[in-house]
Amino acid sequence: RRQMQLIFQDPFSSLNPRMTLFDIVGEPLLVNGVKNRQKRMDSVAELLTLTGLRPEYMRRFPHAFSGGERQRIGIARALALHPSLVVADEPVSALDVSVQAQILNLLLDLQAKLGLTYLFVAHDLSVVKHVSDRVAVMYVGKIVEMAGTEELFKYPKHPYTAALLSAVPKPDPRARSQRVVLPGEVANPAAPPSGCYFHPRCAHAVERCRTEPPLWREVASGHFVRCHLAPDLALHGIDEID
């Protein structure tokens with residue numbers, strides 16, 4: 001478990017307001033056997049510096065920091081045990097756009113320095129494309145498509161992926177988007193429809209989709225999809241996203 005750590009979505013509720021930065025970032029070390037206070041202080045100072053915070057801040061409480069700084073504290077805490085996998089649960093969705101870019105760049109810098117692997121959960125496709133090497137698209141609790149980032153954005157094979165990509169706003173006001181508007185509502189995960197979970201909202205669905213769950217299969221090198229019709233569909237992707 002020491003090799004897997006989590007960065008939470010909300011930097012305001014993920015930090016204990018009664019604990020100082022030293023206690024928050026140093027707690028994983030204390031729990032895992034680092035009893036020497038000076039060693040913990042040295043490690044916390046190093047972690048704060050690594051994430052762009054001043055070591056002398058370790059005596060302060062979370063309320064003294066902005067949202068972006070709090071998220072840096074959360075990142076420092078996640079790195080305390082030198083994990084190999086970090087699960088980032090929408091780590092920038094609660095932040096201002098200008099701060100989002102700073103945190104994303106910090107995460108990428110830390111990945112290069114420390115050799116980290118991220119499982120990055122997000123709904124903002126521009127963020128996904130910026131940070132990801134491979135992308136998995138989920139619908140009602142199941143992965144419906146997974147591929148390399150460029151491959152998935154340019155050549156989607158699942159209708160739900162194509163619908164998500166069509167909703168990405170284009171920075172050129174003269175560009176006419178071909179928006180795919182899905183009918184109905186997302187299925188109830190506790191009582192999903194029969195066959196393919198997406199078939200009630202899919203314009204390409206046939207009778208087989210209503211009765212037979214699609215298998216997870218590879219339709220191109222490294223490109224996996226859960227759709228009966230994937231090899232025959234010509235879906236629109238996007239070449240560029242800002």
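Student: At roughly what angle do the axes of helix α1 and α3 cross?
Tutor: This is a predicted model. Helix α1 covers residues 21-31, and its axis comes within 7 Å of that of α3. The crossing angle is roughly 30°.

Student: Which residues of α3 make the contact with α1?
Tutor: On the α1 side the contact is made by L21, I24, V25 and P28. Their counterparts in α3 are I73, A76 and R77.

Student: Is I73 buried or exposed?
Tutor: I73 has its place in helix α3. Leaving aside neighbours within four places in sequence, I73 is in contact with L15, L21, I24, V25, L53 and F65. Its relative accessibility is 0%, so I73 counts as buried.

Student: How far apart in space are I73 and P214, C-alpha to C-alpha?
Tutor: In sequence, I73 and P214 are 141 residues apart. In space, the C-alpha to C-alpha distance is 43 Å.

Student: Which residue is the bridge partner of V86 in β3?
Tutor: Strand β2 spans residues 85-89 and pairs with β3 in the parallel sense over five bridges. Within β3, the bridge partner of V86 is Y118.

Student: Which strands stand at the edges of the open sheet of four strands?
Tutor: The order of this sheet is β4-β5-β7-β6, with antiparallel pairing. An edge strand here has a single partner strand, so one side of it is left without a neighbour in the sheet. The twist averages 30° from one strand to the next. The edge strands are β4 and β6 (217-220).

Student: What residue of β7 is the bridge partner of E218?
Tutor: β6 and β7, the latter at residues 223-225, pair in the antiparallel sense over three bridges. The bridge partner of E218 in β7 is F224.

Student: Which residue in β7 does E145 stand opposite?
Tutor: β5 is paired with β4 in the antiparallel sense over six bridges, and there E145 stands opposite V137. Two bridges join β5 to β7, which also run antiparallel. In β7, the residue opposite E145 is V225.

Student: In the hairpin of β4 and β5, which residue takes a positive phi?
Tutor: The hairpin has two residues between the strands. A phi near 50° is taken by V140.

Student: About what angle does the direction of α7 make with that of β4?
Tutor: α7 packs on the sheet, where it touches β4 and β5 (142-148). The angle between the directions of α7 and β4 is about 105°.

Student: What is the geometry of the ring pair Y139 and F198?
Tutor: The structure holds five aromatic pairs. In the pair of Y139 and F198, the ring centres are 5.1 Å apart and the planes stand at 85°. Planes over 60 degrees apart count as edge-to-face. The pair is therefore edge-to-face.

Student: How many residues apart are Y139 and F198?
Tutor: Y139 is in strand β4 (residues 134-139), and F198 is in the loop between α7 (159-166) and α8 (207-211). Both residues are buried. Their pair links distant parts of the chain, and the separation is 59 residues.

Student: Which residues form one aromatic cluster with Y139?
Tutor: Y139 belongs to an aromatic cluster.

Student: Over the ring of which residue does the charged end of R59 sit?
Tutor: The charged end of R59 is 5.7 Å from the ring centre. A Lys, K129, lies over the face of F153, at 5.9 Å from the ring centre. For R59, the ring is that of F22.

How values were computed: Residues numbered from 1 in each chain as written. Predicted model: local features only at pLDDT ≥ 70, side-chain atom pairs only at ≥ 80, totals over all residues. Heavy atoms only, no water. Phe/Tyr/Trp six-rings, centres within 6.5 Å; stacked < 30°, edge-to-face > 60°. Buried < 20%, exposed > 50% of the residue type's maximum accessible area, 1.4 Å probe, protein only. Lys NZ or Arg CZ within 6 Å of the ring centre and 35° of its normal. Pairing = 2+ DSSP bridges. Axes fitted to C-alpha atoms, helices over the stretch in contact; angles between N-to-C directions. Contact = heavy atoms within 4.5 Å.
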